[in-house]
Amino acid sequence: MTPPDAPHNRWSDLDRPPLNVTALRRGLLRPDGLWSELEVVETTGSTNSDLAERARSGGLAEGAVLIAEEQSAGRGRLERSWTAPPRSGLFFSVYLEPGDAVPVERWGWVPLLAGVAAATGLARAAGVDTALKWPNDLLVNVESVERKAGGILGEFAGDGIVVGLGINVSLRADELPAPTAGSLALAGAVSTDRETLLRAVLRSLEHWYGEWKAADGDAAASGLQAAYAAGCATLDRTVRAELPGGGSLVGEAVAIDGDGRLVLSTEDGLQRPVSAGDIVHLRGTEGGLT
């Protein structure tokens with residue numbers, strides 16, 4: 001174990017080895033594939049901010065992937081901060097250009113698509129049942145309690161969209177940033193090898209993005225809408241939607257509509273679509289608080 005006063009370096013925690021960029025490039029970059037470049041940096045403020053800046057200045061190719069071993073100013077939804085110890089998780093962003101073939105009004109599905117891809121890839125590679133909390137939190141069970149193990153943030157930049165993912169991989173209980181947080185390790189993952197997990201998520205993202213783009217961004221025709229609904233832990237629960245600009249709405253989450261909105265059935269008998277907001281799970285189908 002490294003003494004507390006020892007200088008920090010990328011090998012200071014042998015349980016959390018650095019990513020091997022050469023191996024990742026070899027496994028993910030193909031002439032006929034989506035991923036065009038892959039860079040790993042030791043630390044940065046935010047991979048999303050870095051890629052978005054490059055996209056706005058031009059010259060960034062679709063399929064660029066930027067990974068940070070540590071983020072000092074990681075951002076989640078609603079401008080929340082995201083911090084974790086170095087090499088304890090996956091912190092990366094990708095740049096996608098759906099292009100003219102996909103109407104811009106359908107681009108809002110891209111972060112939800114990333115959620116499906118991440119949940120699918122992590123379930124396969126980590127052996128952990130990963131669910132989605134609308135719109136884009138990744139949930140795992142830690143001692144039979146739902147905990148947030150990751151989040152996704154999308155933002156328009158240049159001619160495309162930057163999608164960032166933060167996933168807690170090896171965080172221990174005393175390192176969690178909040179009582180509601182969790183990690184793949186705490187959920188009993190069969191593997192916490194970050195290179196294996198990253199490859200699985202990026203390959204899953206390439207698959208779902210290809211299916212969605214081939215269907216001209218039609219979430220129903222591509223199977224994306226059904227896949228999101230099948231993996232969404234928010235559905236069939238009573239929830240409170242904290243709406244942008246103030247106000248809230250309480251109802252049962254009954255569907256994900258064709259625009260990716262969460263549809264709530266309220267006490268007045270109406271079905272109200274929610275396009276943005278912070279969702280609080282009040283009661284699940286089992287009646288427990290979440």
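D236 sits in the loop between α5 (224-230) and β10. That's a handy place to start in this predicted model, since D236 has a positive phi of about 70° although it is not a glycine. Stepping back, the protein chain has five helices and 14 strands, and 49% of its 290 residues count as buried. Take contacts between residues at least 6 apart in sequence: 64% of them join residues at least 24 apart.

- S144 is another non-glycine residue with a positive phi, here near 70°.
- You'll find S144 in the loop between β7 and β8.
- S144 has a relative accessible area of 72%, so it counts as exposed, the cut-off being over 50%.
- The peptide bond from W134 to P135 is cis, with omega near 0°.
- As for where that proline lies, P135 belongs to the loop between β6 (131-133) and β7 (137-142).

**Strand β9 and its partners**

- Strand β9 covers residues 160-168, and nine of its nine residues are buried, so the rest of the structure largely encloses it.
- On the β5 side (residues 89-96), eight bridges join that strand to β9, and the two run antiparallel.

**The five-stranded open sheet**

- Five strands line up as β13-β12-β11-β10-β14 in an open sheet with antiparallel pairing.
- At the edges are β13 (271-274) and β14 (278-283), each of which pairs on one side only.
- From one strand to the next, the twist averages 45°.
- Inside that order, β10 (residues 238-242) and β11 (residues 248-256) run antiparallel and are joined by five bridges.
- If you want a residue pair to click on, V239 has G251 of β11 as its bridge partner.

**Helices α1 and α4**

- The axes of α1 (residues 21-28) and α4 (residues 194-214) come within 11 Å and cross at roughly 30°.
- That angle makes α1 roughly parallel to α4, because angles under 35 degrees are counted that way.
- The crossing of α1 and α4 is right-handed.
- From α1, the contact uses A23, L24, G27 and L28, while α4 brings E195, L198, R199, L202 and R203.
- By residue type, the contact of α1 with α4 splits into five nonpolar, one polar and three charged.

Notes:
Residues are numbered from 1 along each chain as its sequence is written. This is a predicted model: local features need pLDDT of at least 70, side-chain atom pairs count only at pLDDT 80 or more; totals for chains, interfaces and linings use all residues. Side-chain values use heavy atoms; hydrogens and water are left out. Axes are lines fitted to C-alpha atoms, for helices over the stretch in contact, and angles run from 0 to 180 degrees between N-to-C directions. Helices (H or I, at least four residues) and strands (E, at least two) are DSSP runs, numbered from the N terminus. Angles under 35 degrees count as roughly parallel, over 145 as roughly antiparallel, 65 to 115 as roughly perpendicular and the rest as oblique. A crossing is left-handed if the near helix is turned anticlockwise from the far one by less than a right angle, and right-handed if clockwise. Contact means heavy atoms within 4.5 Å. Ala, Val, Leu, Ile, Met, Phe, Trp, Tyr, Cys and Pro count as nonpolar, Asp, Glu, Lys and Arg as charged, and the others, Gly among them, as polar. Buried means under 20% relative accessible area, exposed over 50%, partly exposed in between (1.4 Å probe, protein chains only). Two strands pair if DSSP finds at least two bridges between them.
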